[in-house]
Amino acid sequence: MNNIKESISRLNIMDENNINKDYINKYKDINNNGFLWNYENRALVFGTSNSQRIVILQTGNTGINTNNPSETLEINGTTKTNLLKTNQIQYDNSSLFEIKKDSITGLSINANGNVGISTTPSSFINTKLKVDG
């Protein structure tokens, strides 16, 4: 870490024999940016209500509601966003991929590659493209 201005505080983690086993530092750099820094080759875990919520593994993989993320960001649960930008969307957990707003299906793609726009999947199962509206 470059340009360290000051170490604001240090959290020491001791074992049962009061031997320092791990530590996490909180820093500010010369631009007053804050850092929470784990010097050990271990995960950094955040929790609430006595439950793990976020983990950053030593590999850099980050998980929300998952203990062992296998991707750069892995989220176990429902997410909400105003804008999603991606180079690729891949869905492997079902034979149907849907994009919805509230409970209204805007786009559906089934396992055969058939596409439906503003229609339910069952109504276009044997049609390559079906558009309602």
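The model is predicted, with local features needing pLDDT of at least 70, side-chain atom pairs counting only at pLDDT 80 or more, and totals for chains, interfaces and linings using all residues. Residues are numbered from 1 along each chain as its sequence is written, and side-chain values use heavy atoms, leaving out hydrogens and water.

As for burial, 16% of the 133 residues in the protein chain count as buried, meaning under 20% relative accessible area with a 1.4 Å probe, protein chains only.

On secondary structure, the protein chain has eleven strands and zero helices; strands are DSSP runs of E with at least two residues, helices are H or I runs of at least four, and both are numbered from the N terminus. Four of the strands make up an open sheet in the order 8-9-10-11, with mixed pairing; two strands pair if DSSP finds at least two bridges between them. Strand 8 (96-101) and strand 11 (129-131) sit at the edges with a single partner strand each, so one side of each goes without a neighbour in the sheet. From one strand to the next, the twist averages 10°, taken between N-to-C directions of lines fitted to C-alpha atoms, on a scale from 0 to 180 degrees.

Within this sheet, strand 10 (residues 115-117) pairs with strand 11 in the parallel sense, over three bridges. Here Ile117 stands opposite Val131 of strand 11.

Key. Buried < 20%, exposed > 50% of the residue type's maximum accessible area, 1.4 Å probe, protein only.
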